[in-house]
Amino acid sequence: SYYMKHLLALLLAAISLTSSARAASLGPDVAVMEVRIGKEKQTRQVVIGLYDESAPYTVENFKTLIQKKFFNGLRFHRIFPGSLVQTGDPSSRWGHAEKTGTGGPGYTLPSEIRLKHEKGAIAMARLPDKINPAKNSNGSQFYICLTPLPKLDGHYTVFAKVLEGLDVLEAISNEPTNSDDFPLPKIVIKSIVLQPRDTTPTKR
């Protein structure tokens with residue numbers, strides 16, 4: 001019948017939309033981040049997949065900063081055990097805990113709020129709604145969810161996800177902090193480089 005055909009067509013359209021959304025969700029590049037925790041000699045690796053289609057401006061900015069080596073030497077400056085870690089503030093390079101958390105590259109990004117805060121999601125930090133009603137993102141500070149954080153959905157731009165190394169970030173989140181959640185050991189991004197997703201080195 002016409003009704004059944006119409007229903008079938010709708011179902012097929014929904015299925016194809018779902019599969020194409022899944023297929024298109026991650027872009028062609030990954031960001032490979034090397035992190036040093038405290039006095040450890042060996043760096044630890046985190047591989048990040050990027051949502052080029054869902055957050056094009058944010059991903060393009062992230063790639064530009066990587067190519068400029070902007071993140072190299074920055075510290076993880078906020079950590080919450082088993083929940084969230086944050087980095088990307090250029091003022092953290094000098095280790096001033098009281099100043100860290102307010103810095104950026106000198107510009108903000110338009111909000112691209114589409115994706116959920118699932119485990120491993122990476123999102124841009126921003127100033128609160130009261131002074132930032134447009135929900136514009138900080139140009140460089142980002143945080144990584146170590147558990148689903150649905151209360152943040154609809155408020156921040158999720159632009160990437162952890163493909164490998166979530167255990168590294170969980171270990172970071174459990175380091176001791178001061179009263180401002182600033183880690184006491186120096187936890188530093190040694191480097192971030194872009195690589196084609198299909199040639200990413202296997203986890204060490």
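**Salt bridges and strands, checked against their cut-offs**

Q: Why is Asp52 called partly exposed?
A: Asp52 has a relative accessible area of 21%. Buried means under 20%, exposed means over 50%, and partly exposed is what lies in between (1.4 Å probe, protein chains only). So Asp52 lands in the middle class, partly exposed. Keep in mind that this is a predicted model, where local features need pLDDT of at least 70 and side-chain atom pairs count only at pLDDT 80 or more, while totals for chains, interfaces and linings use all residues. Residues are numbered from 1 along each chain as its sequence is written, and side-chain values use heavy atoms, with hydrogens and water left out.

Q: What makes Asp52 and Lys63 a salt bridge?
A: Their closest N and O atoms are 2.9 Å apart. The rule asks for a side-chain nitrogen of Lys or Arg within 4 Å of a carboxyl oxygen of Asp or Glu, so this pair qualifies. Asp52 sits in the loop between strand S2 (44-50) and helix H2 (56-67), and Lys63 in helix H2, so the pair ties together parts eleven residues apart in sequence. Helices (H or I, at least four residues) and strands (E, at least two) are DSSP runs, numbered from the N terminus.

Q: What makes the link between the side chains of Lys63 and Asp52 a polar contact as well?
A: The side chains are joined at 2.9 Å. A polar contact is a pair of N or O atoms within 3.5 Å; within protein, one must be able to donate a hydrogen and the other to accept it, and residues adjacent in sequence count only if both atoms are side-chain atoms.

Q: Is Lys63 buried or exposed, and how do you know?
A: Lys63 has 10% relative accessibility, so it counts as buried. Leaving out residues up to four places away in sequence, Lys63 touches Asp29, Leu50, Asp52 and Leu194, where contact means heavy atoms within 4.5 Å.

Q: How do you know that Lys119 and Glu170 form a salt bridge?
A: Their side chains meet at 4.0 Å, N to O, and that value counts as a salt bridge. Lys119 lies in the loop between strand S5 (108-109) and strand S6 (121-126) and Glu170 in helix H3 (residues 166-173), so the pair ties together parts 51 residues apart in sequence. Elsewhere, salt bridges that share partners join Asp29, Asp52 and Lys63 into one network.

Q: What class does Arg44 fall in, and what is its salt-bridge partner?
A: Arg44 is at 28% relative accessibility and so counts as partly exposed. Its partner is Glu40, with the closest N and O atoms 2.6 Å apart. Glu40 is at 31%, so it is partly exposed.

Q: Why is Thr58 called buried?
A: Its relative accessible area is 1%, so Thr58 counts as buried. Thr58 lies in helix H2.

Q: What makes S2 largely enclosed?
A: Six of its seven residues are buried, so the rest of the structure largely encloses S2.

Q: How do you know that S2 pairs with S1 and S8?
A: Two strands pair if DSSP finds at least two bridges between them. Strand S1 (residues 29-37) has six bridges to S2, running antiparallel, and four bridges join S2 to strand S8 (residues 158-164), also antiparallel.
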